[in-house]
Amino acid sequence: MTDTPTETEKPEFRSDVTVELVKHSAADSDVLWAARVSTAGEQSLDELTKDPERSKGLINYLMRDRHGSPFEHNSMTFFISAPIFVFREFMRHRVGWSYNEESGRYRQLEPVFYVPGEARKLVQQGRPGKYEFVEGTQAQHELTGRVMEDAYRHAYEAYQEMLAAGVAREVARSVLPVGLFSSMYATCNARSLMHFLGLRTQHEQAAVPSFPQREIEMVGERMEEHWARLMPLTHAAFNTNGRVAP
């Protein structure tokens, strides 16, 4: 049965993204007991009750020499709200990740759309593989906001018109743009998150430069803030060793 759209649904425009840590089992001690099973067997479980600070040298060694599997024995689940085009890039990351996104087949999608904020660089200069983004002019920002908002309003009006006529949600959603906000749960471990951050954030300590789209970088930055609080020693070792996933 198709929802009947209401007259009061007006588009909302946002320039931010949100990332909430909804569930986790992740601590620096997880790295230690996983690593020490190699030499200590069942005695490695003693690490669960010890202060991981005393073994931060081991964490740094594992990161530096790229012994990666001990960084997989943890879990973090994030609830992310971002434009659809961010999720399309996000789902290129498949190893060590699980996703569940809201469905336009089963619910009427809310009219929340992305418009770049004032700080978003608008102009691309250079050729593919060797380009940079620079500040846009005030006129370019005003044009971008006006054109995007007009397009979003028109698309959502078309969507509502089809729903009101009884067209199935899975068909009507085809007119909606990738600037529409969606939401999903994303679950990962520290190793898969480090790989994501190495590619999707720029950082002064990165050994290998990355050039992510700003909007997915915004998501990465917020995920990293949560992770850094859960596993501070692992996060520090990641930075110290060039932000390359082990």
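With which side chain does the side chain of Arg-14 make a polar contact at 2.8 Å? In this predicted model, the partner is the side chain of Asp-16, at 2.8 Å. A further polar contact links the side chain of Arg-14 to that of Ser-81, with a distance of 3.5 Å.

The setting of Arg-14 may be considered next. Arg-14 lies in strand 1, which covers residues 12–14. Arg-14 counts as buried because its relative accessibility is 17%, and the limit for that class is under 20%. When neighbours within four places in sequence are set aside, the residues in contact with Arg-14 are Ser-81, Val-112, Phe-113, Tyr-114, Val-115 and Phe-181.

The protein contains eight helices and eight strands, and its C-alpha atoms fill a box of roughly 65 × 45 × 25 Å along the principal axes. The protein has 246 residues, of which 42% count as buried. Considering contacts between residues at least 6 apart in sequence, 76% connect residues at least 24 apart. The protein exposes about 13,500 Å², and carbon and sulfur atoms contribute 51% of that area. As for charge, there are 28 positive and 34 negative charges, and their mean positions are separated by 6 Å.

A hairpin illustrates the strand pairing. Strand 6 (residues 123–127) and strand 7 (residues 130–134) run antiparallel and are joined by five bridges. Within this pair, Gln-124 is placed opposite Phe-133 of strand 7. Two residues lie between the strands of the hairpin, and Gly-129 adopts a positive phi near 90°. In a regular strand, side chains alternate between the two faces of the sheet.

After helix 8 comes Gly-242, which has a positive phi near 85°.

Methods
Residues numbered from 1 in each chain as written. Predicted model: local features only at pLDDT ≥ 70, side-chain atom pairs only at ≥ 80, totals over all residues. Heavy atoms only, no water. Helix = DSSP H or I, 4+ residues; strand = E, 2+ residues; numbered from the N terminus. Buried < 20%, exposed > 50% of the residue type's maximum accessible area, 1.4 Å probe, protein only. Contact = heavy atoms within 4.5 Å. Areas by Shrake-Rupley, 256 points an atom, 1.4 Å probe, with all protein chains shown as cover. Lys, Arg positive; Asp, Glu negative; His and termini not counted. Charge placed at Lys NZ, Arg CZ, Asp CG, Glu CD. Polar contact = N/O pair within 3.5 Å; in protein donor to acceptor, adjacent residues only side chain to side chain. Pairing = 2+ DSSP bridges.
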